[in-house]
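Please open the structure in a viewer and follow the stops below in order.

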Protein chains: 2
Amino acid sequence: MDQQIVMKAPLFAALDDETASALVASMTPQSMHRGDVLFSEGDRGDSLYVIITGKVKLGRASGDGRESLIAVLGAGEMFGELSLFDPGPRLTSATVVSETDVIALGNEDLQKFLAEHPAVAMKMLAGLARRLRRTNEGLSDLVFTDVPGRVAKALLDLGTRFGEPSAEGVKVNHDLTQEELAQLVGASRETVNKALADFASRGWLVLGAKAVTILDIDRLRRRAR
Amino acid sequence: MDQQIVMKAPLFAALDDETASALVASMTPQSMHRGDVLFSEGDRGDSLYVIITGKVKLGRASGDGRESLIAVLGAGEMFGELSLFDPGPRLTSATVVSETDVIALGNEDLQKFLAEHPAVAMKMLAGLARRLRRTNEGLSDLVFTDVPGRVAKALLDLGTRFGEPSAEGVKVNHDLTQEELAQLVGASRETVNKALADFASRGWLVLGAKAVTILDIDRLRRRAR
DNA sequence: CACCTACTGTGACCTGCGTCTCAGCCAACA
DNA sequence: TGTTGGCTGAGACGCAGGTCACAGTAGGTG
């Protein structure tokens, strides 16, 4: 299995190769495709996941049909650990966005592992702290920044995480529909569409199928803040 | 010092009395009053705080003068630890909201302490996980819930944390101006004022100086969700 | 290849809430 | 005791963005 990729996850970053590969070997891998659900709100949360390849979205549903996305995660990222540390049902659902391989680690195994490797526990603290900060950031964006600004931010963020330099710009294969993008920035699909169209008409980016190519990253940055 | 109260903080909850009181003794207490700033955005974050009595607000400022509140914390609650686990400047400022006593614990002391008491590290993980969940909750509220609904939620939350049963209802001394309440729910002062006035006119609550008394908690709950 | 379903693009309309403004109120302080 | 400054209450107005409606496009399946 792609040892390399797994090692990027905070869970494993602190480990020497042997320990890490032993741990990875003990975890159960699974392949899934778009639309597959890893877990839903209300499920009992008994394992943590690490993404090998592909992307997964974490979301919450409102009483009526609406949905909002907490995050979109890619290779090397970890999720689902919250209900291990803070026992209780899952408050979020995890859905596969593109062809994805993940490995899962059960609750007891994780507890045992953390007890044996306190350095990893510290890494996890650091990881959670970072996520808390980013989430707080997201909160104030929602208050301070208008929709086009949030769209720009989201694209830049997706760009740094999933973008790859191409002919004339950064190609970002986010694998998200505009609907999902809208749920991610907390706006309606239509408004996001218009923001994207506007950016494109200014030549800041080119729209593609579940992807964008960022041409003028500086303008986009300026629009974001 | 109020040993009892300190022991409520997740940091100490797992400790036996001796260890806890030894630790508390090593921490420097300070008394502050409304408006005092514990730290500001950009400061280098080198200590964590535990509130003995009083309340503290955590906030972020936008480029222009606007401000948004991340949380309002009371006795027994802890803050400022994020920049210890995830090194870097503070991304949030901490300001005293009412007469407050806090104790501070320096970075190195904390690191040492966590290394010696792994059970406490696990408690901290649990604490961060819980906060992350609540913050995610706040995020989706901002998208799904209208301003009056968010005001109702905020009051209920403040109620469970700071409320005390009184003659006819729950008296909530939140110590916040309507301006601060507005920053907490991500809305304008005026809109929050109108929501409060509306709730009061329906007899769900009575407004007081930096306080409310909740009369009909069920109605308020129903309005919140 | 034809059909269907999911997705994107765009305009028209409507509304919740922000902004502006001003008027009372109370506490602090000279 | 009057004055000043922070806080609350409330109306008028405008706009960002939500909702609705529909048209065009592309990928997937028989």
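In this tour, contact means heavy atoms within 4.5 Å.

**Stop 1: chain A as a whole.** Select chain A, which has ten helices and twelve strands. Its C-alpha atoms fill a box of roughly 55 × 45 × 30 Å, taken along the principal axes. For 225 residues, a compact globule would have a radius of gyration near 17 Å, and the 18 Å of chain A agrees with this.

**Stop 2: confidence.** Colour chain A by pLDDT; the average is 90, and 94% of the residues score at least 70. Select helix α1 (residues 3-7) of chain A, where confidence is lowest, at a mean of 64. Then select helix α8 (residues 178-185) of chain A, where confidence is highest, at 98. Where pLDDT is low, the predicted coordinates should not be read in detail.

**Stop 3: the two chains.** Display chains A and B together. A rotation of 180 degrees, with 0.0 Å of shift along its axis, superposes chain A on chain B with an RMSD of 0.0 Å. This is the relation of a two-fold axis. Of the interface residues of chain A, 100% are also interface residues in chain B, so the copies meet through the same surface.

**Stop 4: two helices of chain B.** Select helix α8 (residues 178-185) and helix α9 (residues 189-201) of chain B. How do they pack? The angle is about 100 degrees, with the axes 8 Å apart, which makes α8(B) roughly perpendicular to α9(B). Now show side chains: Gln178(B), Glu179(B), Leu181(B), Ala182(B) and Val185(B) in α8(B) meet Arg189(B), Val192(B), Asn193(B) and Leu196(B) in α9(B). By class, this contact has five nonpolar, two polar and two charged residues.

Methods. Residues numbered from 1 in each chain as written. Chains lettered and ligands numbered in written order. Predicted model: local features only at pLDDT ≥ 70, side-chain atom pairs only at ≥ 80, totals over all residues. Heavy atoms only, no water. Least-squares fit on C-alpha atoms with pLDDT ≥ 70 in both. Axes fitted to C-alpha atoms, helices over the stretch in contact; angles between N-to-C directions. Helix = DSSP H or I, 4+ residues; strand = E, 2+ residues; numbered from the N terminus. Parallel < 35°, antiparallel > 145°, perpendicular 65-115°, else oblique. Nonpolar A, V, L, I, M, F, W, Y, C, P; charged D, E, K, R; others polar. pLDDT = per-residue confidence, 0-100. Rg over C-alpha atoms; globule rule 2.2 N^0.38 Å.
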